[in-house]
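Colleague: I am new to this structure. Could you walk me through how to read it?
Modeller: Gladly. Let us look at it together.

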Amino acid sequence: MGIQRIESVTYGITDLDTCVRFFDDFGLFLVERTDGHAVFETLTGQTLHLDTDPGPPLPPPVEDGPTLREVVWGVDNREELRRLVTAAGRGREVRESADGVFHTVDRSGFGAGLTLARPRKATVEARRTNTYASVTRWNTALEPLTRAHPLRMCHVALNIAKDGKDEAVAFYTDVLGFRPTDVVEPMGVFMQAPGDDDQHTMLLCHRPDRVGVNHIAYEVPGFDDVIEGGNFMIERGWREARRLGRHTVGSNVFRFLHAPCGGRVEYAADMDRVDDGYETRVHGTTPPHHIWALRTHRDQAPPTAS
């Protein structure tokens with residue numbers, strides 16, 4: 001079938017201690033730490049690498065400061081891996097590292113790797129809910145979650161140059177087999193990996209002003225995890241990047257945080273799942289960013305009586 005999921009991501013960073021503290025608070029699991037490098041895992045076995053001195057085979061950074069250097073995509077079997085490595089090697093260099101990852105560079109300068117997917121099953125315990133005519137929780141009060149532990153990295157969003165955007169998208173669609181699900185002509189292309197059922201696994205967001213990491217989204221079990229995970233991060237001193245809401249494209253509930261490794265990270269839940277029956281939607285104008293976003297006027301002074 002081909003690419004199943006994000007297998008790992010690597011950031012080039014400057015302050016390892018701060019980045020380690022951030023992702024520990026975010027709910028990932030630290031599995032390795034040296035003076036200049038740290039590795040975290042999701043519950044499904046994907047890895048996040050933080051490196052103060054990333055060298056070859058990673059390409060140079062596409063922007064100043066801490067930023068994403070490579071996304072490695074997990075492929076379902078060796079035959080498909082060989083096929084994709086061959087396709088990626090037409091017109092560009094591909095190098096294999098000792099850990100079985102084949103490294104190349106996409107049209108925008110981001111590292112793009114291929115390796116065998118190694119998914120790990122994770123127990124998902126969605127909170128039981130009650131509504132009229134559908135009661136699933138009896139005689140039990142909810143306990144606070146306090147914090148979130150992401151199940152998986154579910155999608156990556158990259159800012160790419162508007163000039164050459166079609167060629168940038170073509171690397172992922174024509175070479176790696178991604179399928180456009182929503183093409184937003186003024187803004188970017190949402191794409192689904194062939195072995196994924198999320199409405200999008202990747203977004204290439206074309207911009208006239210900059211190239212760089214936009215965000216990586218992490219799926220959590222439910223709505224409460226998005227809220228309580230975000231609250232925990234704010235209590236720990238991290239800065240929210242976008243107020244709680246629900247996206248229009250993909251329908252997922254979201255909460256964004258600024259990340260010291262560059263870009264943002266997103267807690268995400270309840271994204272649309274789509275199969276081959278979902279036809280690519282082409283939008284001539286950009287849809288609203290969200291169906292809803294949290295609003296409040298509690299911090300405003302009350303109106304004065306006339």
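Modeller: Start with one residue. Trp292 has a relative accessible area of 30%, so it counts as partly exposed. Keep in mind that this is a predicted model.

Colleague: Where does Trp292 lie, and which residue is its ring partner?

Modeller: Trp292 lies in strand β20 (residues 290-293), and its partner Phe223 lies in helix α4 (residues 223-235). The pair therefore ties together parts that are 69 residues apart in sequence. Phe223 is partly exposed too, because its relative accessibility is 37%.

Colleague: How do I read the geometry of a ring pair?

Modeller: Look at two values, the centre distance and the angle between the planes. Planes under 30 degrees apart count as stacked, over 60 as edge-to-face, and the rest as tilted. The model has 12 aromatic pairs by this rule. Phe223 and Trp292 are 6.3 Å centre to centre with 40° between the planes, a tilted pair.

Colleague: What kind of pair do Phe171 and Tyr172 form?

Modeller: Edge-to-face, because their planes stand at 85°, with the ring centres 5.0 Å apart. Both Phe171 and Tyr172 are buried.

Colleague: Which other residues of helix α3 are buried?

Modeller: Helix α3 covers residues 165-175, and its buried residues also include Ala168, Val169, Thr173 and Val175. Just after α3 comes Gly177, with a positive phi of about 90°.

Colleague: Which residues do ring pairs link into a cluster?

Modeller: Phe22, Phe23, Phe26, Phe40, Tyr218, Trp238 and Tyr267.

Colleague: Now a loop residue. Where is Pro61 placed?

Modeller: Pro61 sits in the loop between β4 (47-51) and β5 (67-75). Its relative accessible area is 43%, so Pro61 is partly exposed. Set aside neighbours within four places in sequence, and Pro61 is in contact with Thr67 and Arg69.

Colleague: Let us step back. How many helices and strands does the chain have?

Modeller: Four helices and 20 strands. Of the 306 residues, 50% count as buried.

Colleague: How do I judge the overall packing?

Modeller: Compare the radius of gyration with the value for a compact globule. With 306 residues that value would be near 19 Å; the chain has 20 Å, which agrees. The C-alpha atoms fill a box of roughly 70 × 50 × 45 Å along the principal axes. Then look at the contacts with a separation of 6 or more: residues 24 or more positions apart account for 67% of them.

Colleague: And the surface and charges?

Modeller: The chain exposes about 15,500 Å², and carbon and sulfur atoms supply 49% of that. There are 35 positive and 45 negative charges, and their mean positions are 3 Å apart.

Notes. Residues numbered from 1 in each chain as written. Predicted model: local features only at pLDDT ≥ 70, side-chain atom pairs only at ≥ 80, totals over all residues. Heavy atoms only, no water. Helix = DSSP H or I, 4+ residues; strand = E, 2+ residues; numbered from the N terminus. Rg over C-alpha atoms; globule rule 2.2 N^0.38 Å. Buried < 20%, exposed > 50% of the residue type's maximum accessible area, 1.4 Å probe, protein only. Contact = heavy atoms within 4.5 Å. Areas by Shrake-Rupley, 256 points an atom, 1.4 Å probe, with all protein chains shown as cover. Lys, Arg positive; Asp, Glu negative; His and termini not counted. Charge placed at Lys NZ, Arg CZ, Asp CG, Glu CD. Phe/Tyr/Trp six-rings, centres within 6.5 Å; stacked < 30°, edge-to-face > 60°.
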